[in-house]
Amino acid sequence: MSTSLLMWSLLFSSIGLGFFMYGKKQKAVVPLFSGLGLMIYPYFVSNTILLVSIGAALIVLPYFVRV
């Protein structure tokens with residue numbers, strides 16, 4: 001595991017925790033599941049470019065999808 005992969009994983013997991021807490025408090029489904037995804041997916045992705053692209057997509061998802 002490289003250092004950059006570890007740092008990106010930490011960053012996306014921290015943002016995911018914030019999204020999860022916001023979604024839980026506001027009872028908003030999209031940020032809740034986006035936060036869960038951001039916290040879980042770094043365990044399964046070992047390519048840094050793929051990690052960053054999936055993380056960016058999951059961060060942007062709640063701004064475009066309103067339920």
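Contact here means heavy atoms within 4.5 Å. On that basis, Ser34 is in contact with Phe19, Leu58 and Pro62, once its neighbours within four places in sequence are left aside. The structure is a predicted model.

**Packing of α1 with α3**

- Helix α1 spans residues 3-26 and helix α3 spans residues 48-64; their axes lie 10 Å apart and form an angle of about 15°.
- Angles under 35 degrees count as roughly parallel, and α1 and α3 are therefore roughly parallel to each other.
- The crossing in which α1 passes α3 is left-handed.
- On the α1 side, the contact is formed by Ser4, Leu5, Trp8, Ser9, Phe12, Ile15 and Phe19.
- On the α3 side, these residues meet Thr48, Leu51, Val52, Gly55, Ala56, Leu58, Ile59, Pro62 and Tyr63.
- By class, the residues of the contact between α1 and α3 comprise 12 nonpolar, four polar and no charged.

**Packing of α2 with α3**

- The axes of α2 and α3 cross at roughly 165° and come within 9 Å.
- Angles over 145 degrees count as roughly antiparallel, and α2 and α3 are therefore roughly antiparallel to each other.
- Helix α2 passes α3 in a left-handed crossing.
- Val30, Pro31, Ser34, Gly37 and Leu38 are the α2 residues of this contact, and they meet Gly55, Leu58, Ile59, Leu61 and Pro62 in α3.
- The contact of α2 with α3 divides into seven nonpolar residues, three polar and no charged.

**Setting of Ser34**

- Ser34 belongs to helix α2, which covers residues 29-40.
- Buried means under 20% relative accessible area; Ser34, with a relative accessible area of 2%, is therefore buried.
- Among the contacts of Ser34 are Leu58 and Pro62, both of which are listed in α3 where that helix meets α2.
- Phe19 is also in contact with Ser34, and Phe19 is one of the α1 residues that meet α3.

**Nonpolar core and Val45**

- In soluble globular proteins, nonpolar side chains tend to be buried together.
- The largest nonpolar core in this model has nine residues, namely Leu5, Phe12, Phe19, Leu38, Tyr41, Val45, Leu51, Leu58 and Ile59.
- The elements that contribute two or more residues to this core are α1 and α3.
- Val45, a member of the core, touches Leu5, Leu50, Leu51 and Ile54 when residues up to four places away in sequence are not counted.

Technical notes: Residues are numbered from 1 along each chain as its sequence is written. This is a predicted model: local features need pLDDT of at least 70, side-chain atom pairs count only at pLDDT 80 or more; totals for chains, interfaces and linings use all residues. Side-chain values use heavy atoms; hydrogens and water are left out. Axes are lines fitted to C-alpha atoms, for helices over the stretch in contact, and angles run from 0 to 180 degrees between N-to-C directions. Helices (H or I, at least four residues) and strands (E, at least two) are DSSP runs, numbered from the N terminus. Angles under 35 degrees count as roughly parallel, over 145 as roughly antiparallel, 65 to 115 as roughly perpendicular and the rest as oblique. A crossing is left-handed if the near helix is turned anticlockwise from the far one by less than a right angle, and right-handed if clockwise. Ala, Val, Leu, Ile, Met, Phe, Trp, Tyr, Cys and Pro count as nonpolar, Asp, Glu, Lys and Arg as charged, and the others, Gly among them, as polar. Buried means under 20% relative accessible area, exposed over 50%, partly exposed in between (1.4 Å probe, protein chains only). A nonpolar core is a set of buried Ala, Val, Leu, Ile, Met, Phe, Trp, Tyr and Cys residues joined through side-chain atoms within 4.5 Å.
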